[in-house]
Amino acid sequence: MLWPLTTQRTAAGALAIGGVELAALAREYGTPLYIYDEATLRDRCRRYRAAFAAAYPATTVVYAAKAYLSPALLAVLRDEDLWLDVVSGGELALALRYGFPAARITFHGNNKSPDELRLAVTHDIGRIVVDNLLELERLGALGAALGRRVPILLRLNPGVEAHTHEYRQTGVIDSKFGLPTLDDQAERAVAQALATPTLDLRGYHAHVGSQIFELAPYRETIAALYRFAAQMRDRYGFVPTELSPGGGLAIPYTEAEEAEEAALDDLARTIADAVRQETAAHALPAPHLTVEPGRSIVGPAGVALYTVGAVKDIPGVRRYVSVDGGMADNIRPALYGAAYTAALVNRDARGEPLARVTIAGKYCESGDVLIRDIALPPLAPGDLLAVPAAGAYCLAMASNYNLALRPAVVFVRGGHARLTRRRETLDDLLCTEVMEGIED
Ligand code: LLP
């Protein structure tokens, strides 16, 4: 799915989402604006849960907050009975402050600080996914100091290559994530966890990458987890009751990618079949599964809205159409060469000739190009462009580069929009600056 479920062209040819015309949203809230369709968000949560309920009922769907997190989204996730995976004290604090049940939170990260671990243990969060031996030691000590038995999973590096951008591969041998299974680090972690009375080892986790279209890496990951689990059973008598092959399912960003999208039912069936096969092959009991989608929950629900400004022709070379956002709100094209598409939303341009243009951002960087070579109707200053599949890893990775103000966010549903994050102001930007020791 490229555009949110409720996307429609009105009779006059304008684009609407959630029953609200995007041009009206631009007038009311300004641009750049990020719009989330609540129907799509809930639909993605429900489809995930239903797909796994059918394929492997003992599955928990854990939403990966790093893709996007806000109080309004948390309320939806809570409603839809998902768990939450956080990767920082910040994400954890936000979730706790807005009442997300601590018991349904999982904490990831390859270098969690002592303060972050303390926050997690103090609030008795659901699981801590331990990445390395230092963390294991710290957690054991924290459990003792705080009088807790901490439920943990060990994150393993299974040595699986997912076919995605190098920056998004997390399960190859040369990765900063997880306990290597190449030498004895992962085994030492098992022995140490079992020998620490304040740690409650439940099982194993792996996440091999993100924006993965093919399902084979999930099978390989599960096989690798089981090879390790069987060895540990043989050596230490430890039998995992929980297992996670992570998240990472790809979404389409362009029309061309729509055909490649894997159905959630296929993902669930692939994972369930692999778990059943491996369980039988290694004579281990069937585990409780967790899956950790981020992008494939929020990505398709979000659309970015920009206003066209300067249009510059370089004769015989290229036409640059600059918009009022860019790499400060969406760094993905600059960072990964990510492809996006866009549509003109404020008027009916059917029948107008298409021309090849490049949509540039407004930031002071030649690489700040949102879309290279896209065929669009003639664009003039003031036109509105909507970019679909903008719900994941855009706002979450947004910055104040060039002292940009980060955009406002609205949730739309049933013909209404509600502001869920106001646009930043100059005061927001400047309120952290101090002039210590400087006379005025
Ligand atoms: N679980 C773990 C342990 C992860 O590290 C990640 C993502 C996820 C789950 C969720 O993966 P997803 O379902 O969203 O693919 N900034 C990059 C993506 C980085 C993903 C990092 N880890 C991008 O914009 O493509």
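Strands are DSSP runs of E with at least two residues, and helices are runs of H or I with at least four; the elements are numbered from the N terminus. The structure described here is a predicted model.

## Largest pocket

Three elements, α4 (89-97), α12 (332-336) and β21 (416-421), each contribute at least two residues to the lining of the largest pocket. Helix α4 provides the largest share, 3 residues.

## Second largest pocket

The second largest pocket holds about 280 Å³ of space. It is lined by 18 residues, with Arg9, Ala342, Ala343, Leu344 and Pro377 lying nearest its centre. The lining of this pocket consists of 10 nonpolar, 3 polar and 5 charged residues.

Strands β16 (343-344) and β18 (369-376) each supply at least two residues of the lining of the second largest pocket.

## Nonpolar surface patch

Leu403, Leu405, Leu426 and Leu430 together make a nonpolar surface patch of about 380 Å². One of these residues, Leu430, belongs to helix α13, which spans residues 426-430.

Leu430 has a relative accessible area of 47% and is therefore classed as partly exposed. Patch residues must have over 30% relative accessible area, and Leu430 has 47%.

Methods
Residues are numbered from 1 along each chain as its sequence is written. This is a predicted model: local features need pLDDT of at least 70, side-chain atom pairs count only at pLDDT 80 or more; totals for chains, interfaces and linings use all residues. Side-chain values use heavy atoms; hydrogens and water are left out. On a 1 Å grid over the protein atoms alone, a cavity is a set of points where a 1.4 Å probe fits but cannot get out, and a pocket is an open set with protein on both sides within 12 Å along at least five of seven lines; lining residues have an atom within 4 Å of a point. Grid points are joined across faces, edges and corners, and a volume is the space filled by probe spheres set on the points. Ala, Val, Leu, Ile, Met, Phe, Trp, Tyr, Cys and Pro count as nonpolar, Asp, Glu, Lys and Arg as charged, and the others, Gly among them, as polar. Patches are made of residues with over 30% relative accessible area and no salt bridge: like charges are joined within 9 Å, nonpolar side chains (Val, Leu, Ile, Met, Phe, Trp, Tyr) within 5 Å. Accessible areas come from the Shrake-Rupley method with a 1.4 Å probe; for residues, only the protein chains shown count as cover. A salt bridge is a side-chain nitrogen of Lys or Arg within 4 Å of a carboxyl oxygen of Asp or Glu. Buried means under 20% relative accessible area, exposed over 50%, partly exposed in between (1.4 Å probe, protein chains only).
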